[in-house]
Amino acid sequence: MEYQSGQANAVSGMAVHDDCKLKFVELKTKRIYRFIVFKIEDQQVVVEKLGSPEETYEDFTNSLPANECRYAVFDFDFITDEKCQKSKIFFIAWSPDTSRVRSKMVYASSKDRFKRELDGIQVELQATDPSEMSLDIVKARAI
């Protein structure tokens, strides 16, 4: 299938821009991004920010708006107790308490459908506060 910019797949009322899946596949297979932040805009999920492989988890969390919901994926590298290098792809549903109720409802109702579009998610985290997605929590969930 040829990629066309601007094309979107309807996901039960919420469209998912083709770019979302394309960038996710690049993160998963080519590892050219550390993270991707998605936002819902005009009834469509679009890519808001791409994090380069050099960026850290702190760079990622700093890129999430304090008062607005977002979806994100983060490619988390870690070393197991057996000293094996591994990585897991996290899906993070960011829904801060301070965001608008309508926004929280839209993100919550579209989350599962959007997540299904991204084949390869290994761990899901939901966070309403930065402490709920601290690096310690991510490490614990990765193992």
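I looked up Lys 39 and noted a relative accessibility of 21%, so Lys 39 counts as partly exposed. My cut-offs are under 20% relative accessible area for buried, over 50% for exposed and partly exposed in between, with a 1.4 Å probe and protein chains only. The model is a predicted one, so I take local features only at pLDDT of at least 70 and side-chain atom pairs only at pLDDT 80 or more, while totals for chains, interfaces and linings use all residues. Residues are numbered from 1 along each chain as its sequence is written, and side-chain values use heavy atoms, with hydrogens and water left out.

I then checked the partner of Lys 39. Its side chain meets that of Glu 41 in a salt bridge, at 3.0 Å from N to O. For a salt bridge I require a side-chain nitrogen of Lys or Arg within 4 Å of a carboxyl oxygen of Asp or Glu. Glu 41 is also partly exposed, its relative accessible area being 36%.

**Other salt bridges**

I noted 13 salt bridges in the structure. One of them pairs Glu 55 with Lys 49, where the closest N and O atoms are 3.9 Å apart. Lys 49 has a relative accessible area of 30% and is partly exposed. Another joins the side chains of Glu 124 and Lys 111, at 2.6 Å from N to O. Glu 124 sits in strand 7 (residues 123-127) and Lys 111 in helix 3 (residues 101-117), so this pair ties together parts that are 13 residues apart in sequence. I take helices (H or I, at least four residues) and strands (E, at least two) as DSSP runs, numbered from the N terminus. Both Glu 124 and Lys 111 are buried.

**Aromatic pairs**

I count rings of Phe, Tyr and Trp (its six-membered ring) as a pair if their centres lie within 6.5 Å; planes under 30 degrees apart are stacked, over 60 edge-to-face and the rest tilted. By this rule I get 13 aromatic pairs. For Phe 60 and Phe 74 the ring centres are 5.1 Å apart and the planes stand at 40°, so I logged the pair as tilted. Phe 60 belongs to helix 2 (residues 57-62) and Phe 74 to strand 5 (residues 70-79), so the pair ties together parts that are 14 residues apart in sequence. I found both Phe 60 and Phe 74 buried. Ring pairs also link these two into a cluster with Phe 35, Tyr 57, Phe 76, Phe 78 and Phe 90.

**Cysteines**

I searched for disulfides, taken as a pair of cysteine sulfur atoms within 2.5 Å, and the structure holds zero. Cys 69 is in no disulfide, and the nearest cysteine sulfur, that of Cys 20, is 16 Å away. The relative accessibility of Cys 69 is 0%, so I list Cys 69 as buried. Cys 84 is partly exposed, at 37% relative accessible area.

**Two single residues**

I checked Glu 26, which is found in helix 1 (residues 18-30). Glu 26 is buried, with a relative accessible area of 15%. Leaving aside neighbours within four places in sequence, I find Glu 26 in contact (heavy atoms within 4.5 Å) with Arg 31, Ile 32 and Tyr 33.

I also checked Ala 108, which lies in helix 3. Ala 108 has a relative accessible area of 54% and is exposed. The C-alpha atoms of Ala 108 and Tyr 71 are separated by 10 Å, although the two residues are 37 apart along the chain.

**Whole chain**

I noted four helices and seven strands in the protein chain. From the N terminus on, the elements run β-β-α-β-β-α-β-β-α-β-α. The radius of gyration is 15 Å, close to the 15 Å that the globule rule gives for 143 residues, so the chain is as compact as a globular protein of that length. This radius is taken over C-alpha atoms, and the rule is 2.2 Å times the number of residues to the power 0.38. I read a span of about 45 × 40 × 20 Å for the C-alpha trace along its principal axes.

Of the 143 residues, 43% count as buried. Among contacts with a separation of 6 or more, 57% come from residues 24 or more positions apart.
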